[in-house]
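Thanks for coming. I have one structure to go through today, and I will keep to what can be read from the coordinates. Please have a look at it first.

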Amino acid sequence: MLSGSREDIEQMAKKQWTLSLILVVISIFFVALNMRPAVTGIGPLYNVLMTSLHVSNTSMSFLTSIPVFCMGLFAPLAVPLQRKVGTKSAITFLVAILVFANGLRLLQESYALLIVTSFAAGLAIAMIGPILNAFIKKKFPQRFTTVIGIYSFGIGVGATLSAALTVTFYQIFGNSWTVALGIWALLALGALVIWLWAIPSQQNEQVLKITTTEYARNPWTSGRAWAILLYFGLQTSLFFSMMAWLTPLLQDKGLSLETASAMLTFMSIVQMIGNIAVPMLMEKWSSRMVWILALGFVGLIGFTLLWLTSGVYLWLAVLLIGIVLSGLFPIGLLLPLDEAKNDLEANSWSSMVLSGGFMLSAIIPIMIGVCYDITGNHTWTYIIFLLLMVGIIVSTRLLRKK
C-alpha cells in the first residue's frame, strides 16, 4: 500500500515536471516569435515605405541595418543584465521593450520614428538571444539541440508571419503601413503574458547563484570563437538581406507587390519548416561541417537561379534559398553551444558570436542599397549574395576541429 502510494507520488512528480518543461518550451517559442517581425516587417512594404517617406534605397536599408547592428552592439549586455536581475525578469523587461517599439509605429508616418523604434527593437532582440541560449543550455542539457530547433522554429514562424501578413494588414487597414507595422505589438504582448505565467519566479535566484560560482573561458581570446563569429555574421547577412531585398528584387523583375510578397512568404515558410527539421536531422547526422558545405553549394545554385532566370524557376530559386537559410541559422546558434562547458560559458560565447556576427551582417543591406542607388540595377546585389555563399563554404576550413 505504502509502496503503491510512493510510486503514485513519484509518477505525479514526474508528470508535473514534464508539464513544467513543456510550458517552458512554449514560452520560449512565443518569445522567439517576436525576434524578427520588427525588422522583417519592413521588407514586404519596402517600395511602399520608400515612396511614402520620400527616401532613397540607402536610407531604406538603414531600417534593416540599424536593428541588426544594435543586435550586435548590445548583445554583450545580456550577461550583466542576466546576472543582475535573472532570466525571468530580464526577458520580461526586453519583451516589454518590443511591445512599445512595435506599438509606437502606430503613431505616425515618420522615417525618424521608424529609426528610433528599429533601434529599440534591435536592443531588445540583442539581449534576448544570448540569455535564451544560456537558459536552454542550462534547462535542457541533454536535449538542447532539439529545444534550439524549437527556438529557431519560433523565430522562423515570426519571420513567416511578418512576411505573410504585413502586406495583408496594409491592405485590410486602408493601405495604412503604420497599422501594418504597429500591429505586431499584439504578438509581443501575448508573448509577455505567456512568459510571465509559464516561467517560475525562482528562476531569477537560480541564475544569480549559478553565475557567481561558475568559471567561463573568455571567447574574445579564442580563435575558434572568432571563426564561429565570422560564420554567424555571413549567414545572418544572407537572412536579413534576403528579407529586406527579395520583394524589391522580384518587383524589379516585373512581379506585382502581391506576387513578390507571396514568394517572400513561401521562402519564409520553407525556412520555418527547416528551422526545426534541420536540428532534428542533425541529431542523427551531427557533422556541422557537412551540413554547412551541402547548404553552401545548394545556396550557390539558388542565388544563380534567382539572378539569371524568371517565371517558375524563380519559385525554385526561392525554395532552395529558403532551405539554405533554414539550415544555416540553427547551426549558427548551435556552434557556440557545442563549445560551451556550462551555462555561463554558453551565455558569454553566444553573446560574443551574436554581437560580432550581427554587427558584421549590418553592413551588407546598406552595401546593397548604396550599390543600387549608384548603378540603378541589382547586378551587384546578386554578386554580393553569391560571394556570401562562397564565404560560408570557405569558413568550414576555419570551423573544422583539428
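**Cysteines, core, pairs and confidence**

Let me begin with a cysteine: Cys 70 is buried, at a relative accessible area of 2%. A second one, Cys 371, also counts as buried, with 18% relative accessibility. The cut-off here is under 20%, so Cys 371 at 18% falls within it. As for disulfides, searching the whole structure gives 0.

The chain has a mean pLDDT of 86, and 91% of its residues are at 70 or more. Where does the pLDDT stay under 50? One such place is residues 8-17, and there the model has 1 contact beyond four places in sequence. Residues 205-212 are also below 50, but that stretch has 11 contacts in the model beyond near neighbours in sequence. Where pLDDT is low, the predicted coordinates should not be read in detail. I would apply that to the contacts just mentioned.

Next, the nonpolar core. The largest one has 134 residues, and Ile 28, Tyr 151 and Leu 306 have the most contacts inside it. Which helix gives this core its largest share? That is helix H12, residues 223-252, with 17 residues. In soluble globular proteins, nonpolar side chains tend to be buried together.

Take Ile 28 as an example. Leaving aside neighbours within four places in sequence, Ile 28 touches Leu 132, Phe 135, Ile 136, Phe 140, Val 147, Tyr 151 and Trp 195. Tyr 151 in that list is also one of the residues with the most contacts inside the core.

Gly 154 sits in helix H8, which runs over residues 144-172. Is Gly 154 buried or exposed? It is buried, with a relative accessible area of 0%. Beyond four places in sequence, Gly 154 has contacts with Phe 29, Ala 32 and Leu 33. The C-alpha atom of Gly 154 is 7.7 Å from that of Met 272, which is 118 residues away along the chain.

The other is Ser 355, in helix H16, residues 343-361. Ser 355 is buried too, with a relative accessible area of 4%. Setting aside sequence neighbours within four places, its contacts are Met 71, Gly 72, Ala 75, Pro 76 and Trp 220.

Now the aromatics. There are 16 aromatic pairs in the structure. In one of them, the ring centres of Tyr 46 and Trp 245 are 4.9 Å apart with the planes at 45°, so this pair is tilted. Tyr 46 belongs to helix H3, residues 46-53, and Trp 245 to helix H12, so the pair ties together parts 199 residues apart in sequence. Both partners are buried: Tyr 46 has 2% relative accessibility, and Trp 245 has 1%.

Trp 245 has another partner, Tyr 372, and that aromatic pair is tilted as well, with 6.4 Å centre to centre and 55° between the planes. Tyr 372 lies in helix H17, residues 363-375, and Trp 245 in helix H12, so this pair joins parts 127 residues apart in sequence. Tyr 372 is buried, with a relative accessible area of 18%. Separately, Phe 232, Phe 239, Phe 240, Phe 329 and Phe 358 make up one aromatic cluster.

Last, charged side chains. How many salt bridges does the structure hold? There are 2. In one, Glu 339 and Arg 224 meet at 2.7 Å, N to O. Glu 339 counts as buried, at 13% relative accessibility.

The other salt bridge is between Asp 338 and Arg 288, at 2.8 Å, N to O. Asp 338 is in helix H15 and Arg 288 in helix H14, residues 288-308, and this pair links distant parts of the chain, 50 residues apart. Here Asp 338 is partly exposed, with a relative accessible area of 30%, whereas Arg 288 counts as buried at 14%.

Methods
Residues are numbered from 1 along each chain as its sequence is written. This is a predicted model: local features need pLDDT of at least 70, side-chain atom pairs count only at pLDDT 80 or more; totals for chains, interfaces and linings use all residues. Side-chain values use heavy atoms; hydrogens and water are left out. Helices (H or I, at least four residues) and strands (E, at least two) are DSSP runs, numbered from the N terminus. Buried means under 20% relative accessible area, exposed over 50%, partly exposed in between (1.4 Å probe, protein chains only). Contact means heavy atoms within 4.5 Å. A nonpolar core is a set of buried Ala, Val, Leu, Ile, Met, Phe, Trp, Tyr and Cys residues joined through side-chain atoms within 4.5 Å. Rings of Phe, Tyr and Trp (its six-membered ring) pair if their centres lie within 6.5 Å; planes under 30 degrees apart count as stacked, over 60 as edge-to-face and the rest as tilted. A salt bridge is a side-chain nitrogen of Lys or Arg within 4 Å of a carboxyl oxygen of Asp or Glu. pLDDT is the predictor's confidence in each residue, from 0 to 100. A disulfide is a pair of cysteine sulfur atoms within 2.5 Å.
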